[in-house]
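Hello,

Here is the structure I promised to pass on to you. Have a look at it first, and then read on for what turned up when I went through it.

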Amino acid sequence: MAKDETATFRLIGTRPDRPDGLDKVTGRARYGADVQAPGMLHGAVVRSPHAHARILRIDASKALALDGVKAVVTRADLPSGLTGEDWNLQENTLAGEVALYDGHAVAAVAATSKLRAQDAARLVEVEYEILPHVTDVDEAIRPDAPAIRPGAADHSVPTGSPPNLVRQIDFGHGDLEAGFAAADLVREQTYRTEATHQGYIEPQACLGQLGADGKGEMWVCTQGQWYIRRMCAAVLGIEAAQLRVTPSEIGGGFGGKTTIFMEPLALALSRKAGGRPVKLVMSRAEVMRATGPTGSASMDVKLGMTAEGMITAAKVTFRMQGGPFVGASPVGEALSCALACYTVPAVHHLGLEVLANRPKAAAYRAPGAPMAAFAVESLLDEMCRELQLDPIEVRLKNAAHEGTKASYGPTYKRIGLVETLQATKTHPNLSLPLGPNQGRGVAAGFWFNHGGETSVSLAIGEDGTVQVSIGTPDIGGSRASLALMVAETLGIPYENVRVNVVETGALGVNEPTHGSRATFASGKAAVESARQAIAQMCRRAAAAWGIDPDAVEWRDGAAVPSGDNAGKFPPMTIAEIGAAMGSTGGPISGHHETTAGGVGASFGVHVVDVEVDPETGRTTVLRYLVVQDAGRAIHPAYVEGQYQGGAAQGIGWALNEEYVYGADGRLQNPLFLDYRMPVASDLPMIDTVIVEVPNPGHPYGVRGVGETGITPPLPALANAIAAATGLRLRSLPMSPPKVLAALRARANG
Amino acid sequence: MTKTHVTATVNGDPVEFLADPRETLLDCLRDHLGLTGSKEGCGTGDCGACSVLLDDVLVCSCLVLGVEAQGARVETVEGMAQGGTLHPLQRKFIEHAALQCGFCTPGILVAAKALLDRNPDPTESEVRFGLAGNLCRCTGYDKIVRAVLDAAAEMRGAQ
Ligand code: FES
Ligand code: FES
């Protein structure tokens with residue numbers, strides 16, 4: 001599927017209105033909490049106020065005595081005997097013997113109104129025995145830390161290791177010693193990042209119904225309806241195909257809605273309440289306390305560099321916690337991303353996953369990559385400064401390119417890091433002068449992107465318009481990009497294509513909208529489906545004309561006789577073929593099912609100018625530039641949107657956002673008031689440059705653009721603050737109090 | 001708890017509903033009147049997704065009790081379009097791709113309308129501070145600010 005890089009397109013690269021725009025600006029679009037059902041009950045969840053506590057007794061009699069209370073569910077209502085990740089999901093849905101973090105669900109109630117359900121939840125009596133807890137990653141890895149789940153460690157951990165060390169990852173290539181020996185400068189530093197939350201504005205919400213016959217339905221805001229189906233079925237012990245899951249419009253996910261939290265509870269409550277539908281909507285505090293933030297990290301990085309700026313060797317050791325479950329932290333991804341931008345002759349990665357009394361981490365936009373970039377790109381910048389080398393030139397010298405053996409193993413196909421760095425170098429922002437207390441920071445970032453299980457079906461209407469059924473929920477305009485690709489392929493107007501995100505009963509299995517895969521994988525399958533429909537339409541025309549199907553071409557939305565037959569018959573349009581299809585062989589459709597290969601990684605480079613107020617320690621972002629390789633921008637406005645949104649989340653992570661736990665192990669800032677995400681007045685315009693180095697693995701060259709953009713801001717801001725103040729902050733967030741403390745510490749010698 | 005009978009005007013239409021004294025105006029709009037355009041992102045006045053106009057004043061409807069709407073005029077996102085014609089802000093939001101997930105959009109549109117009613121010719125900075133009570137996690141605000149400035153320019157031109 002080689003792509004002609006000079007191709008010009010009729011529709012791809014244009015910026016039409018998104019098909020769901022009208023619904024979303026009028027308030028008509030229906031999100032998770034926006035529906036009701038006949039006979040509906042409301043649910044509420046009882047949560048542990050302790051970071052770590054044995055559950056001695058749950059007494060729901062007072063709750064059940066309240067008028068209008070229809071069901072109470074505890075772990076005893078869920079099947080036993082689950083193993084592996086299924087057990088993790090079930091344990092996280094409802095605690096079994098021990099509550100493992102502040103906010104861990106222990107019971108749920110259903111009642112005839114929201115307020116009644118909340119009243120009832122308060123009447124459920126839970127007796128706890130408080131256990132010692134640990135929330136900090138460096139404390140959790142100590143040999144004398146309170147053991148959170150003895151015996152949970154997997155085979156990778158040597159016996160005699162600290163009690164909360166549960167997974168160890170170790171890989172690399174090349175001769176590390178020789179690499180460091182060849183360096184003119186070797187530096188080693190430790191960096192820390194706090195956990196942050198995806199911060200989607202729509203809290204988790206669902207409406208679930210499950211009968212005694214094991215058949216059920218769910219309406220839910222999710223990035224992946226089949227994941228919800230599989231996970232709920234596993235947790236509840238029902239058959240996946242008996243559960244129909246319909247995705248609502250989704251108010252942001254960023255990875256946090258690729259898994260379940262309270263969704264099985266709506267079904268369990270419904271089953272216990274005689275099959276009445278149950279609506280369950282989280283409060284913001286529940287979202288912060290009990291849905292997946294990302295992990296926190298403590299990272300050692302050692303780099304060797306020649307005087308000319310060539311990286312000779314790299315060694316990284318990352319310690320990460322992702323809550324009390326094995327495999328929840330993104331330590332593996334962090335390691336793989338750490339040096340993915342560069343050609344490094346010798347590299348060694350060590351990852352240590354640690355349990356902590358915090359919520360089960362979920363994916364958050366390029367999971368693991370931002371932390372890794374903070375550590376590696378910060379140290380790289382420190383060394384560039386020490387050697388007085390230009391940070392972009394050094395990155396260009398070491399940049400991975402086609403044929404490079406990536407630090408994480410495979411050999412890169414066509415990638416666009418060099419082009420991205422070159423586009424950065426020549427951008428006007430780079431030559432703007434800076435004033436006092438101002439500084440400029442540069443950093444690069446990477447994300448693999450993902451293909452995944454994908455199923456798409458497409459059908460031609462009787463009037464020649466086209467419906468496309470996809471399984472990847474539209475979080476940021478992907479209906480528009482899919483309609484553009486299908487219309488381009490079929491040679492018809494964009495408006496003649498309707499893209500529908502469908503429920504689990506309507507299509508084969510799809511992975512969620514994650515891994516930056518919706519436009520890539522659903523796009524690839526949609527184009528393939530359109531090609532199948534084209535082949536069918538050409539056969540219908542050939543039959544009508546009495547010529548060989550091979551003698552028919554598809555051009556501009558019509559079948560056209562070609563070769564010897566050229567000009568013998570007038571073109572037969574898609575509308576004409578559609579109108580006749582009932583009598584020419586039946587409905588015309590196309591479908592494609594694949595685990596999509598051909599993924600192309602996306603690299604980005606960010607440049608930020610900041611001013612640091614020496615009086616308050618506050619960092620103001622003066623200007624911000626994102627340069628990133630999209631492969632091909634199908635709808636450039638939504639590509640820019642991904643770049644800008646990723647940058648804004650990264651800026652929040654770098655400057656303000658953090659999970660703050662008290663000595664009691666409780667989350668101190670579970671509301672937006674104290675969990676400080678960027679608001680409009682915190683940010684400047686975010687300049688973007690879309691680099692297009694087409695991905696040969698996609699019919700239109702798409703790479704996927706959603707995730708890379710959150711990776712460079714963390715180190716870019718640290719590097720800019722270092723340039724502005726001469727101070728190197730190696731711990732996030734670089735909030736005003738921290739910056740001020742560092743400024744004062746320096747002033748006091 | 002005994003409910004209170006409330007009559008009000010919502011988007012120009014007379015309405016009545018029974019409110020539990022603990023229910024917010026947002027709850028009443030969404031659950032009793034079926035106006036689910038206003039969203040709950042936090043319930044604590046920090047995200048602006050529930051923004052409505054109460055007697056011409058921009059409020060977080062999650063911080064107002066339903067019973068407080070007695071006799072008041074409430075305007076929500078559902079009332080912005082006149083008949084089939086979108087408000088210029090609504091049109092510009094679509095044109096500028098100023099929404100990704102769209103969950104913050106109703107609140108931001110209502111807040112932006114209140115801003116432009118007050119200040120028809122805002123600077124970029126005034127737009128940013130005027131919308132600082134509305135969180136958007138998807139867009140980084142760039143396209144939102146551009147859409148508001150463009151709508152303001154168009155609305156000034158039309159007068
Ligand atoms: S829901 Fe009212 S301000 Fe967030
Ligand atoms: S568009 Fe998603 S929160 Fe604003």
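Let me start with chain A as a whole. Its secondary structure amounts to 19 helices and 26 strands. The radius of gyration of chain A is 27 Å, close to the 27 Å that the globule rule gives for 749 residues, so chain A is as compact as a globular protein of that length. Please keep in mind that this is a predicted model.

As for dimensions, the C-alpha trace of chain A spans about 90 × 75 × 50 Å along its principal axes. Buried residues make up 64% of the 749 in chain A. Among the contacts in chain A with a separation of 6 or more, 80% are between residues 24 or more positions apart.

Chain A carries 66 positive and 78 negative side chains, with the centres of the two sets 3 Å apart.

One residue I would like to point you to is His197(A). You will find His197(A) in the loop between β8 (185-193) and β9 (205-210) of chain A. Is His197(A) buried or exposed? With a relative accessible area of 0%, His197(A) is buried, because the cut-off for that is under 20%.

The side chain of His197(A) comes to 3.4 Å from the backbone oxygen of Val287(A). Leaving aside residues up to four places away in sequence, His197(A) touches several others, including Met288(A), Thr291(A), Tyr364(A), Glu657(A) and, from chain B, Arg137(B).

Best wishes

How values were computed:
Residues numbered from 1 in each chain as written. Chains lettered and ligands numbered in written order. Predicted model: local features only at pLDDT ≥ 70, side-chain atom pairs only at ≥ 80, totals over all residues. Heavy atoms only, no water. Helix = DSSP H or I, 4+ residues; strand = E, 2+ residues; numbered from the N terminus. Rg over C-alpha atoms; globule rule 2.2 N^0.38 Å. Buried < 20%, exposed > 50% of the residue type's maximum accessible area, 1.4 Å probe, protein only. Contact = heavy atoms within 4.5 Å. Lys, Arg positive; Asp, Glu negative; His and termini not counted. Charge placed at Lys NZ, Arg CZ, Asp CG, Glu CD. Polar contact = N/O pair within 3.5 Å; in protein donor to acceptor, adjacent residues only side chain to side chain.
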